[in-house]
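Hello,

Here is the structure I said I would pass on. Please open it first, then read the notes below it.

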Amino acid sequence: MNEVLKLENVNKKYPTFSLKDVSFSIEPGQIMGFIGRNGAGKTTTLKCIMNLIHFESGKISAFDKDMSENELENKQRIGFALSELNYYPNKTIRQLMSVTKKFYKNFDEQKFNEVCKLFNLDLDKKLEQLSSGMKVKYSVAIALSHHAELLILDEPTSGLDPVSRDEILDIFREIVRNKERAILFSTHITSDLDKCATNITYIHNGEIIYTGTKKDFVNSYLFIKDKSSNKSLKDHYIAYKELDDRIEGLISVNDKDYFVSQGLEVREPDLEEIMVYLERSKNNESFTL
């Protein structure tokens, strides 16, 4: 088995939005960041994967088995959590665990207790008493306790303070270290992906515009700050914006020599810069301030 998850030309239509031939895959040992603007289709795609909503065409398979035909079996091997836990807020972690374990034939209560201790989770705290970071840790503890091989998480670090976010990212890296598990998580916090992602899938307006390694994605672009404000170069940018003392923007790595020949310095962009400029370019939004 090379892929723990594979989407092939998945389509889902709503009156004002559609997923269009969404295709990507993830392998053991990978942490895939699923990025895109709010409303781009990230959560819709995750719900399609888990068969929480019906999609019109395409195929989704997990562990080489069709998800719709082997849903119960596949879900035994998947840990899934939406962005906010809000069910049974008055129940304690211990009470929620006692219910949840009935759904998983391989649930290991001892493992759950060990992970909760490692995460400093108080089993007798009610769900409503947990911080956002602790709720993420609870979801991860459940996944690890039924030996999930694939974790699918929707905005797991949203709303967390920097220390808690860094802690969660360390946990993610540890989970995939042995190359037996994989993580797919949607996020708009691209700095998190700079720290932990091995792969990126980028969705724009319901369409996948990139899926592959983070390294290849970042290495496709370069960032420029032109203090000479040379407007003759505008047509060579993917997207740019004019500031009071400079023009800055994103270029293709293939245009590096041209910009260097103009006496400009180029540098590697971070994921946030790439995403911001690509989105502006694709939406034809003006960068002129």
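Phe172 touches Ile31, Val140, Leu153, Pro156, Ile183 and Phe185, leaving aside residues up to four places away in sequence. Keep in mind that this is a predicted model.

Phe172 is also listed among the residues with the most contacts inside the largest nonpolar core, together with Phe112, Val140, Ile175, Ile200 and Phe217. That core has 51 residues. Helix α5 gives the most to this core, with seven residues. Apart from it lies another core, of 28 residues, which includes Leu7, Phe17, Phe55 and Met67. As background, nonpolar side chains in soluble globular proteins tend to be buried together.

Helix α5 covers residues 132-145, and Tyr138 has its place there. Is Tyr138 buried or exposed? Its relative accessibility is 2%, so Tyr138 counts as buried, because buried means under 20%. If you go 100 residues along the chain from Tyr138, you find Ile238, and the C-alpha atoms of the two are separated by 42 Å.

The other helix to look at is α3, residues 93-100. Which residues of helix α3 are buried? They are Ile93, Leu96, Met97 and Thr100. Looking down the axis of α3, the buried residues fall within an arc of 100°, so they line one face of the helix.

Regards

Note on methods: Residues are numbered from 1 along each chain as its sequence is written. This is a predicted model: local features need pLDDT of at least 70, side-chain atom pairs count only at pLDDT 80 or more; totals for chains, interfaces and linings use all residues. Side-chain values use heavy atoms; hydrogens and water are left out. Helices (H or I, at least four residues) and strands (E, at least two) are DSSP runs, numbered from the N terminus. Buried means under 20% relative accessible area, exposed over 50%, partly exposed in between (1.4 Å probe, protein chains only). A nonpolar core is a set of buried Ala, Val, Leu, Ile, Met, Phe, Trp, Tyr and Cys residues joined through side-chain atoms within 4.5 Å. Contact means heavy atoms within 4.5 Å. The arc is that of the directions from the helix axis to the C-beta atoms.
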